[in-house]
Amino acid sequence: MNYSNFELIYRNAIPPSQTYKFINVVDDLHVASSVIFTIQGEKYALQTSLESVSMYANNPKEYCVKKSINESRLFLKNAWYLYKQDGVFGRYNIEKLTFEPFDDADAEQKVHAFYYYTLREPMVPL
């Protein structure tokens with residue numbers, strides 16, 4: 001597992017912070033985004049996770065992500081997270097150490113659409 005391969009999204013917050021969120025890959029299409037992916041014929045969507053990463057100055061992404069996963073007692077290691085391996089987007093399960101690539105030829109464009117629509121949401125107070 002390469003911790004820097006986890007895809008994160010900036011948390012819109014007031015005041016601005018160095019907090020990023022993990023992105024879950026979920027099969028509950030009713031509560032998630034309208035961006036749909038497939039893996040072996042099954043449909044999945046992206047959803048901003050409750051788990052977060054604090055990016056500290058002078059520390060690489062890999063260090064910060066690993067620290068968040070290992071030190072948070074609430075981190076759901078059996079959930080699926082957005083992950084990019086060898087230039088291919090898919091989902092990764094930390095507990096199973098399993099990567100499953102998306103079947104969609106336009107997966108990268110769909111991920112960018114998710115970022116675009118999510119970052120347009122109003123900022124939230126911390």
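Where does Asn 5 lie relative to E1? Asn 5 sits in the segment before E1. This report starts there and then moves through the rest of the predicted model.

## Overall layout

The protein has two helices and nine strands. Along the sequence, they follow the pattern β-β-β-β-β-α-β-β-β-α-β.

Of the 126 residues in the protein, 42% are buried. Contacts with a separation of 6 or more were also counted, and 55% of them join residues 24 or more positions apart. The accessible surface is about 7600 Å². Carbon and sulfur atoms own 50% of that surface.

Is Asn 5 buried or exposed? Its relative accessibility is 19%, and buried means under 20%. Asn 5 therefore counts as buried.

Asn 5 has contacts well beyond its sequence neighbours. Leaving out residues up to four places away in sequence, Asn 5 touches Leu 82, Tyr 83, Lys 84 and Gln 85. Asn 5 and Lys 61 are 56 residues apart along the chain, yet their C-alpha atoms are separated by 9.1 Å.

Tyr 83 stands opposite Gly 90 in E7. Strand E6 covers residues 80–85, and strand E7 covers residues 88–93. The two strands pair in the antiparallel sense over six bridges.

E6 and E7 form a hairpin. Two residues lie between the strands. Asp 86 is in the turn and has a positive phi of about 50 degrees.

## Strands E1, E3 and E5

E3 pairs with E1 and also with E5. E1 and E3 run in the antiparallel sense, with three bridges. Here Leu 8 has Phe 22 in E3 as its bridge partner. E3 and E5 are antiparallel too, with seven bridges. In that pairing, Lys 21 stands opposite Ser 52 in E5.

E3 is mostly covered. Seven of its eight residues are buried. In a regular strand, side chains alternate between the two faces of the sheet.

## Helix H1 and its buried face

Helix H1 spans residues 61–71. Its buried residues are Cys 64, Val 65, Ser 68 and Ile 69. Viewed down the axis of H1, these buried residues fall within an arc of 125 degrees, so they line one face of the helix. The buried residues pack against strand E1 (8–10), strand E3 (19–26) and strand E5 (42–54).

Val 65 belongs to helix H1. Val 65 is buried, with a relative accessible area of 0%. Which residues does Val 65 touch, not counting residues up to four places away in sequence? They are Tyr 3, Phe 6, Leu 8, Phe 22 and Val 53. Two of these, Leu 8 and Phe 22, are bridge partners. Val 65 and Asn 2 are 63 residues apart along the chain, and their C-alpha atoms are separated by 9.8 Å.

Ser 68 is also found in helix H1. Ser 68 has a relative accessible area of 14% and is buried. Apart from neighbours within four places in sequence, Ser 68 is in contact with Ser 52, Val 53, Ser 54 and Phe 75. The side chain of Ser 68 reaches the backbone oxygen of Ser 52 at 3.4 Å. Ser 52 is the residue that Lys 21 stands opposite in E5.

## Helix H2

Helix H2 covers residues 107–119. At 1.5 Å a residue, its 13 residues should span 18 Å. The end C-alpha atoms are 18 Å apart, which agrees.

Which residues of H2 are buried? They are Ala 107, Lys 110, Val 111, Phe 114, Tyr 115 and Thr 118. Seen down the axis of H2, they fall within an arc of 145 degrees, so they line one face of the helix. The buried residues of H2 pack against E1, E3, strand E4 (36–39), E5, E6 and E7.

Terms used: Residues are numbered from 1 along each chain as its sequence is written. This is a predicted model: local features need pLDDT of at least 70, side-chain atom pairs count only at pLDDT 80 or more; totals for chains, interfaces and linings use all residues. Side-chain values use heavy atoms; hydrogens and water are left out. Buried means under 20% relative accessible area, exposed over 50%, partly exposed in between (1.4 Å probe, protein chains only). Helices (H or I, at least four residues) and strands (E, at least two) are DSSP runs, numbered from the N terminus. The arc is that of the directions from the helix axis to the C-beta atoms. Contact means heavy atoms within 4.5 Å. Two strands pair if DSSP finds at least two bridges between them. A polar contact is a pair of N or O atoms within 3.5 Å; within protein, one must be able to donate a hydrogen and the other to accept it, and residues adjacent in sequence count only if both atoms are side-chain atoms. The expected span of a helix is 1.5 Å times one less than its number of residues. Accessible areas come from the Shrake-Rupley method with a 1.4 Å probe; for residues, only the protein chains shown count as cover.
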